[in-house]
Amino acid sequence: MRYLSTRGQAPECGFTDALLSGLAPDGGLYLPIAWPQVDVGAAAYDDVALRILKGFAGGDFPDDALKADVAAAYAGFDDPRIAPLVEIAPGRFLLELFHGPTLAFKDIAMQVLGRLFARALAERGGRATVLAATSGDTGSAAIAALGGLPNIEVFVMHPLGRITEVQRRQMTTAPHANIHNIALEGSFDDAQALVKALFADAAFAGKVGLTAVNSINFARIAAQSVYYFTATATLGTPATFVVPTGNFGDVFAGEAAMRMGLSIERLVVATNANDIMARALNDGIYEAGPARRTLSPSMDIQVASNFERALFEASGRDAAYVREAMGGTRIALPAPIRADLAGRYGAHAVDDARTLETIARVHAGTGRLIDPHTAVGVAAAEQVRSRGPVVVLSTAHPAKFPDVVRRATGQIPALPPRLSGLMEAPEKFDVLGPDLGLVRSYIAARVPAA
Ligand SMILES: *Cc1c(COP(=O)(O)O)cnc(C)c1O
């Protein structure tokens, strides 16, 4: 499969190039030149993952290599179904995506991506410098997947004081020498803007072999499309999927599944008070406001990077339109694009009071503790009118957000045994101001000379 950029000014490339670079050199995001058509039926998670990855990466990696990487990626999950579906009310389901090593859905793609990365670098030679901005969960998933791998240095920037202690410790207690944690004095959007600026610095990016593993990396989207297929196969009928959304990566993976031939009733975007995507889809204006701090911090994002992919598709793959739209700070969506998006997507914003109330109500009704991101999804799902099944993506384990869960229910969710010792382990991180030159020299000083 070949890949093109949503901005149309980068050369087409293969899967490995898209994987190792993350962002296209013209500032756009990679997409396959055509969507592979996948027919899965009922099958085990690993089999579906393999079939989908072959569609995207076949040709670059032999089948048995992909098979081994998928098997290894999911061997460490604490549920053999990987993404189990549980019914919480008649026709209402949670799709549990938090059974990996760092307790959030980011592990599902990152565990595969880390292995593909190691394989690609070993084959091509050379080094990579992974740079990630995290709103809390991407960083720990990247560290769990890439810590200790040869030829890779990993720099993770989190917004200082804006993630939970469990989230921070999952990153800062990593014992590996190739992991570097930066606590940035600023918001997640500040961190993401610095990452984009460093990628735009072609001389620097080329010198250190800069690469991205957040959801701008297409391999993440590919791996996340798998659970839409397995959930639909388990239900045996098309479902409405409600997706707690920040960067629009996880919900775009649902669009990817549709474009690969999966029948999905509707994709519902659930946001917290950082409702840029709800406003874009409901009012037709995409415009970032200041990031607000909420009880669901992994979604405290105002610039939803992956919306660019949805816009590219909704415009009939019009790269000139995407280039122009992404160049400004406010996009008024043209009527045909709005209509196209409305055919697939609904959206609801949920505030903190409802998030707390939803955690309490689910606990009272089912005995289950859910995390605040999942609660945003459950609250949004309550607005959905559908006679078919409604599936909320449960994106994190409640133990990652103990303070919010306790506030809502009086209960403290227990950390799974695999994280015992987390609260005592020594931490390592550096605090930096939100300054491009500062971050650039921090990285340059820590990347071994070629
Ligand atoms: C990252 C994250 C989200 C948002 O996913 P996007 O792909 O950024 O839309 C939702 N919930 C949790 C727990 C997350 O870590």
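This is a predicted model: local features need pLDDT of at least 70, side-chain atom pairs count only at pLDDT 80 or more; totals for chains, interfaces and linings use all residues.
Strands β1 and β3 are joined by three bridges and run antiparallel to each other.

**The three-strand sheet**

β1 and β3 belong to an open sheet whose three strands follow the order β2-β1-β3, paired in the antiparallel sense. β2 (13-14) and β3 (30-32) are the edge strands, and each has a single partner strand, so one side of each has no neighbour in the sheet.

**The five-strand sheet**

For parallel pairing, turn to the open sheet of five strands, which has the order β9-β6-β7-β8-β16. Here β9 (210-211) and β16 (430-432) stand at the edges with a single partner strand each, so one side of each is left without a neighbour in the sheet. Strand β8, residues 179-184, runs parallel to β16, and three bridges join the two. Within this pair, isoleucine 182 has aspartate 430 of β16 as its bridge partner.

**Around the ligand**

Now for the ligand. What surrounds the ligand, and which residues are the closest? There are 15 residues around it, and the closest are Lys106, Asp137, Gly246, Asn247 and Thr395. Sorted by class, this shell holds five nonpolar, seven polar and three charged residues.

| Residue | Part of the residue | Distance to a ligand oxygen atom |
|---|---|---|
| Lysine 106 | Side chain | 2.6 Å |
| Glycine 246 | Backbone | 2.8 Å |
| Phenylalanine 248 | Backbone | 3.1 Å |

How much of the ligand does the protein bury? On its own the ligand exposes 380 Å², and the protein buries 98% of that area. The space that the ligand takes up is also the largest cavity.

To look at this site yourself, you could begin with lysine 106, whose side chain has an N or O atom 2.6 Å from a ligand oxygen atom, and then move on to glycine 246, whose backbone has an N or O atom 2.8 Å from an oxygen atom of the ligand.

Methods
Residues are numbered from 1 along each chain as its sequence is written. Side-chain values use heavy atoms; hydrogens and water are left out. Two strands pair if DSSP finds at least two bridges between them. Helices (H or I, at least four residues) and strands (E, at least two) are DSSP runs, numbered from the N terminus. A residue is near a molecule or strand if one of its heavy atoms lies within 4 Å of it. A polar contact is a pair of N or O atoms within 3.5 Å; within protein, one must be able to donate a hydrogen and the other to accept it, and residues adjacent in sequence count only if both atoms are side-chain atoms. Accessible areas come from the Shrake-Rupley method with a 1.4 Å probe; for residues, only the protein chains shown count as cover. On a 1 Å grid over the protein atoms alone, a cavity is a set of points where a 1.4 Å probe fits but cannot get out, and a pocket is an open set with protein on both sides within 12 Å along at least five of seven lines; lining residues have an atom within 4 Å of a point. A molecule sits in a cavity or pocket if more than half of its atoms lie within 2 Å of its grid points. Ala, Val, Leu, Ile, Met, Phe, Trp, Tyr, Cys and Pro count as nonpolar, Asp, Glu, Lys and Arg as charged, and the others, Gly among them, as polar.
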